[in-house]
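Me: I'd like to learn how to read strands, sheets and helix packing in a model like this one. Can we go through it together, feature by feature?

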Amino acid sequence: MKEPKRDSRFTIDTDTDFDHKDHDHTGHIHTGRTRILQEPAEGTFREGKLSYSAISLQGTRNRQEDSLLCGRRDDRLIAVVCDGIGGMDNGHIASRTVADLLFADLGKVPVMGEEGMHAFFQREMERLDDAVFGLRDPSGRRMNAGTTVVAALVCGGWLHWFSMGDSRLYLLQGRRQQNQGLRCLEQQDRDSRSQGLYCLTTDHNYGAVLEARRRAGTIGQAQYRQESGKREWLTSYLGMGIAEQFDYGRIPFTGDAGEKLLLCSDGLYKTVSQEELQEILRKPTSINAISRQLQEAVLRKNDPAQDNASWIVVGREEM
């Protein structure tokens with residue numbers, strides 16, 4: 001297990017930027033220490049009238065390591081959030097590489113049932129891991145880069161998701177679903193949901209390993225406390241070269257009656273509580289307004305160590 005602990009010790013690169021001309025996006029590389037807002041990318045998915053909005057904040061870090069892509073491809077809506085690992089080298093290149101490759105692949109994969117899509121994401125994990133592990137600098141030396149990823153594919157009334165690392169996907173249940181629950185989510189830990197807001201993904205970090213050991217009774221309290229300082233060490237991410245652990249899931253999703261998706265890097269959910277996220281997501285306003293309110297919630301914290309924070313909101317327009 002590697003220690004991909006983030007820090008802010010970077011040289012500012014004043015020349016690096018990129019643009020995507022073939023789809024809606026955020027994810028520009030920014031420089032400087034001030035909080036910088038990327039104007040929201042907005043769009044409406046014609047089939048089903050699903051809309052999306054995305055914002056990326058640099059925080060107080062020297063470089064934006066996150067990359068976002070969201071947009072339409074024929075019969076589907078695709079959203080990807082990648083968080084480059086700052087404690088390694090060139091996290092911004094790793095996150096951009098994965099976002100580009102995964103967005104393109106999700107745009108052309110034949111959407112199948114659960115078994116077929118699971119097999120696709122297994123192959124995709126290996127392809128993306130190899131791509132990041134094999135990144136080279138101009139001298140030909142391996143970059144030692146890494147990135148987390150969370151992606152959503154909405155097609156035919158179904159949501160398919162894929163994740164590695166600690167970027168997350170949340171589902172806000174629609175108003176008619178709140179008292180019914182979702183059978184496919186009943187086994188989730190209670191900490192992962194709050195009155196209809198579900199975290200669909202699992203954090204692949206040492207903290208999850210510790211909690212599993214504690215529940216199984218294979219670790220004592222003294223050792224648990226001793227090891228807790230390593231909780232945020234990632235146990236799975238793209239660029240390991242031996243990646244094996246990923247999340248895949250499939251549930252019905254239409255965006256009806258206030259149902260929404262939130263894909264985000266850890267800079268959002270470690271700054272804004274799950275209760276605050278739920279309150280903002282449940283407001284009967286436009287998807288873009290919700291994205292703006294998430295931005296305001298982050299900035300109100302005025303955290304001097306604010307990490308990059310990036311997110312994509314998907315749902316139906318209510319106003």
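Predicted model: local features only at pLDDT ≥ 70, side-chain atom pairs only at ≥ 80, totals over all residues.

Me: What are the pairing partners of E11, and in which sense does each pair run?

Reply: For pairing, look up the bridges and then the residues that stand opposite one another. Strand E7 (residues 168-172) pairs with E11 in the antiparallel sense, over 5 bridges. In that pair, Tyr170 stands opposite Leu262. E11 also pairs with E12 (residues 309-316), again antiparallel and over 5 bridges. There, Cys264 faces Trp311 as its opposite number.

Me: Now a whole sheet. What is the strand order in the open sheet of 5 strands?

Reply: The order is E3-E4-E5-E6-E10, with antiparallel pairing. E3 (66-73) and E10 each have a single partner strand, so these two stand at the edges and one side of each has no neighbour in the sheet. From one strand to the next, the twist averages 10°.

Me: Which helix packs on that sheet, and which strands does this helix touch?

Reply: H1 does, touching E3, E4 (76-84), E5 and E6, and its direction makes about 165° with that of E4. H2 lies across E5, E6 and E10, at about 30° to E6.

Me: How is E6 bridged on its two sides, and how many of its residues are buried?

Reply: Take the partners one by one. E5 (residues 147-155) and E6 (residues 158-164) pair antiparallel over 7 bridges, with Val150 bridged to Ser163. Between these strands the hairpin has 2 residues, and Gly156 takes a positive phi near 60°. E6 is also joined to E10 (residues 247-252) by 6 bridges, running antiparallel, and Trp161 has Gly249 as its bridge partner. As for cover, 6 of the 7 residues of E6 are buried.

Me: On to helix pairs. At what angle do H1 and H2 pack, and how far apart are their axes?

Reply: Begin with the geometry, then ask who makes the contact. H1 (residues 91-108) and H2 (residues 114-133) pack at about 150°, with axes 10 Å apart, and their crossing is right-handed. H1 contributes Ala94, Val98, Leu101, Leu102, Asp105 and Leu106, while H2 brings Phe120, Phe121, Glu124, Arg127, Leu128, Ala131 and Val132. By type, that contact has 10 nonpolar residues, no polar ones and 3 charged.

Me: Zooming out, how many helices and strands does the protein have?

Reply: There are 7 helices and 12 strands. Of the 319 residues, 56% are buried. Among contacts with a separation of 6 or more, 74% come from residues 24 or more positions apart.

Conventions:
Residues numbered from 1 in each chain as written. Heavy atoms only, no water. Axes fitted to C-alpha atoms, helices over the stretch in contact; angles between N-to-C directions. Helix = DSSP H or I, 4+ residues; strand = E, 2+ residues; numbered from the N terminus. Left-handed = near helix turned anticlockwise from the far one by under 90°. Contact = heavy atoms within 4.5 Å. Nonpolar A, V, L, I, M, F, W, Y, C, P; charged D, E, K, R; others polar. Pairing = 2+ DSSP bridges. Buried < 20%, exposed > 50% of the residue type's maximum accessible area, 1.4 Å probe, protein only.
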